[in-house]
Amino acid sequence: MKRRDARISRGRFLKVMGAAGVAGSTLSVLACQPNTSPSQGGGGGGGSEEKQLNLYNWSEYVAESTIPGFEEQTGIQVTQDFFSSNEDLLAKLQAGGSGYDVIVPSDYMVSIMIKSDVLQPLDKSKIPNMKNLSPNFRGLPYDPDDEYSVAYQWGTTGILYNRAEVGKIDSWDAMWNPEFEGQIAMINDVRETLGAALYRLGYSVNSTDQEQLQEAKAALLEQKPLLRGYFASTENRPLVQNGDILLGHVFSGDAITAVIENEDLEYIIPRPRATRWIDNMAIPAGAQHPGNAHKFINYILEAKVGADLSNYTYYGTPNEASLPMLDKELTELPSFNPPDEVFDRLEVIEDTGETTREYERIFTEVKSA
Amino acid sequence: MGRSKGRGWSLGLAGLLGPVAFWLGLFFFVPLLMILAYSFGTSGVYGGITLGFNPTNYLKVFDPLYLEIVVRTLFIATLNTLLCLALGYPLAYFIALKGGSWKHALILLVMIPFWTSLLLRAYAWVVILGGNGLANRTLQFLGITDEPLTLIFTPQAVTMGMVYSYLPFMILPLYAALEKFDVRLKEAAQDLGASRWQTFWRVTFPLSMPGVIAGSILVFIPSAGEFVIPNLLGGSRTVMMGNLIQQQFLNARDWAFGSALSVMLAVLLLGAILFYIRRVGAEKLEGV
């Protein structure tokens, strides 16, 4: 069995930075540099780039064959570093001179990055494999003309639960059921957890309506006494697997790993609606090797490469040409491959602009209660 | 002769202090000034900051929500300091005065946890206290409980984790202070008719005051800035100032407010320490 922790904490807090302390974390936000130091020259995207590519990715988010395959095909040496939250990634790019050529931000972060001018437009003539992308993953609201980003992998956020103990569930109501007091855990992420409350109330995950947000806050305050805590998705999975909790709020790839290992567990995309998230490849404005970056993006969009990725991470592929090559054990799972009627009730998290701080305040208020 | 010798010495001193002054200036003082400047700025919606004079960031700290977090943080840090003192003092006393030839080995044991990162040690507690963890299995094996107990992700687990993490910072300065203690003073006090209790409170404890003060400061400051343990062992159900500052910088993209909170935290800590030294320490220190 593969042992890996895909998408370590899409949740926004940086446990990994932990011990650094407050001063340390502040400093690293201001001053972090990647541990690779790209040598000078070869900028500007001409044909004379050195054979080097600096990839900044979520950890364990490529298959074992992905990078060696690219290096073999192109002779370009790949250096991969990892980030643990979209906010980390943004802070690093905003501090300038990140030195990365390809980054993998999620949906709402792509639009924030576009608005903050930290990405460069893609030259689509250099990415012929874009034809493989499913129409479902083009022209998404965060990048309506596909100018800056290409979908990498996608997944959903739902509930991993112990069906043998809980019985069949199908909606967010289960996460508010007093019967399971102390056996529920949510994701420590404003948008996902406030989002779950908004979905349950029948609102949009991108609501900026004050009354709706206040209702969602009340719902989260009502839910808090039932919770074991707010954790990263990768932490909720083992809590459910070990029987510490019965219901965990998790990302699909984490959940599917657990479901394949233990048939008592089930992953559902709750009613009425749930989140579909998409991680994307993009090129930072100051990238040193934009030519190589385009080659890498094009390589990822090859049918076989895309299929290998998903077969390893258990997350969905936006690549239509990859679909026939996916493992059967995955494609048979409705949670991996949601039918159209389920897909239609999935919503993509968008940037909420000024309201972001209101979201943050509400979440602080709930956690602090 | 004497003059030139003096100059040579001060050049040598400059040579020795120069690197550290440069280091602290660049990586401590300059960032501190940046935080101060940021705290009066205005945050952009997408992060970044416009400098200026905008005191509203500080007014926001007095929002009841944030004020509550400030008060809670100071409470947790104080509680942690008192618990560390209560647990650390007897141990330091024992090692320093009764340790004999085991002294060095015992103090080494106190320091061993430093060889592993705090993060790993906190994760170890998650494993030990979990529903299926070592603690619960042992309790069930001994028949003390049938059902696994909820040991982790509670406020008690946070307190336990903080005491565990910071206890050595209390023990080491206490040990240093008590080790220098002249046992003959104790004998003298007893010869003069003091009870053991009186001897401790009127002789031993006052003489160990520098250690108490140093230990308390070393525990209090990092406790007030703590943000890992409430997340790891508390399930993020408790928000401390450290968590709040981190959220402001990253999630809320409000660097100005985050900076204002950081400045407030620094001012509060400085104030608390000055108050503490004046009230508790000064005359005791003078007595040494």
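Helix H7 of chain B runs over residues 155-179, and its 25 residues reach 35 Å from first C-alpha to last, close to the 36 Å expected at 1.5 Å a residue. Keep in mind that this is a predicted model.

**Helix H7 of chain B**
- H7(B) has a bend of about 40° at Tyr166(B), and there's a proline, Pro168(B), following within four residues.
- Since 18 of its 25 residues are buried, H7(B) is largely enclosed by the rest of the structure.

**H3 against H10 in chain B**
- Helix H3 (residues 64-98) and helix H10 (residues 209-224) of chain B pack at an angle of about 140°, and their axes sit 9 Å apart.
- The crossing of H3(B) past H10(B) is right-handed.
- On the H3(B) side, the contact residues include Thr73(B), Ala77(B), Asn80(B), Cys84(B) and Gly88(B); on the H10(B) side, Val212(B), Gly215(B), Val219(B) and Phe220(B) are among them.
- Sorted by class, this contact has nine nonpolar and seven polar residues, with no charged ones.

**Chain B meets chain A**
- Chain B puts 39 residues into the contact, and chain A puts in 40.
- On the chain B side, H1 (2-39), H3, H5 (118-129), H11 (228-232) and H12 (241-250) each supply at least two residues.
- H12(B) gives the largest share of that side, with seven residues.
- By class, the chain B side comes out as 19 nonpolar, 16 polar and four charged residues.

How values were computed
Residues numbered from 1 in each chain as written. Chains lettered and ligands numbered in written order. Predicted model: local features only at pLDDT ≥ 70, side-chain atom pairs only at ≥ 80, totals over all residues. Axes fitted to C-alpha atoms, helices over the stretch in contact; angles between N-to-C directions. Left-handed = near helix turned anticlockwise from the far one by under 90°. Contact = placed C-beta atoms within 7 Å. Nonpolar A, V, L, I, M, F, W, Y, C, P; charged D, E, K, R; others polar. Expected span 1.5 Å × (residues − 1). Bend = angle between axes of the 7 residues up to and from the residue. Buried ≥ 20, exposed ≤ 12 C-beta atoms within 10 Å, placed from the backbone.
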